[in-house]
Amino acid sequence: MEDFESFFPMLKGMLEAIYGDAQRGLKIYEERYDAINYYRNYRATPNSFLLVAKDGDKLIAFLYARRKRNHTYLYDIYVKPEYRKKGVAKKLIETLEKLAGKPIRADTHEKALYAFKRMGFNVLKEYTEDGIRWFLVEKD
């Protein structure tokens, strides 16, 4: 990753939106996935996609996904609050569809479920982890 210092506040914002506390989210993400180091040292590979959206030189959103055997799995997506409801997430997902292929699956928290449904995702299952209600969603 070329500019982790600009990217990191978005990662913290995403985790705060999910867990209600950025530090709690960072701890879970780091312990379970080593995600901070992963993003800091990210290098593109043929089946890995880290897309960013910018407003001029300012990072405003990101999406991270990987192509699996029979679907693309969307691990993380975040749009800064002031840029939401302006089609930024939709454009990132459309770009991912073109680059990686469908179907796209993601696990999303309850607060973001409506946005996923508006973009054509359907709920496959629901579960609870770390006190958060999650939904596995898919878009064909």
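This is a predicted model: local features need pLDDT of at least 70, side-chain atom pairs count only at pLDDT 80 or more; totals for chains, interfaces and linings use all residues.

Colleague: OK, which residues of helix 5 are buried?

Modeller: A112, L113 and F116, within residues 110-118. Buried means under 20% relative accessible area and exposed over 50%, with partly exposed in between (1.4 Å probe, protein chains only). Helices (H or I, at least four residues) and strands (E, at least two) are DSSP runs, numbered from the N terminus.

Colleague: And which exposed residues sit on the face turned away from that buried side?

Modeller: K111, Y114 and R118.

Colleague: What covers the buried residues of helix 5?

Modeller: The cover includes strand 3 (72-79), strand 4 (104-109), strand 5 (122-129) and strand 6 (132-139); contact means heavy atoms within 4.5 Å.

Colleague: Switching topic: how many residues of strand 2 are buried?

Modeller: Seven of the 10 in residues 58-67, so strand 2 is largely enclosed by the rest of the structure.

Colleague: Which way does strand 2 pair with strand 1, parallel or antiparallel?

Modeller: Antiparallel, over eight bridges; strands pair if DSSP finds at least two bridges between them. L50 has Y64 as its bridge partner, and G56 in the hairpin turn has a positive phi of about 70°.

Colleague: How many bridges join strand 2 to strand 3?

Modeller: Seven, also running antiparallel, with R66 opposite Y73. That hairpin has four residues between its strands.

Key: Residues are numbered from 1 along each chain as its sequence is written. Side-chain values use heavy atoms; hydrogens and water are left out.
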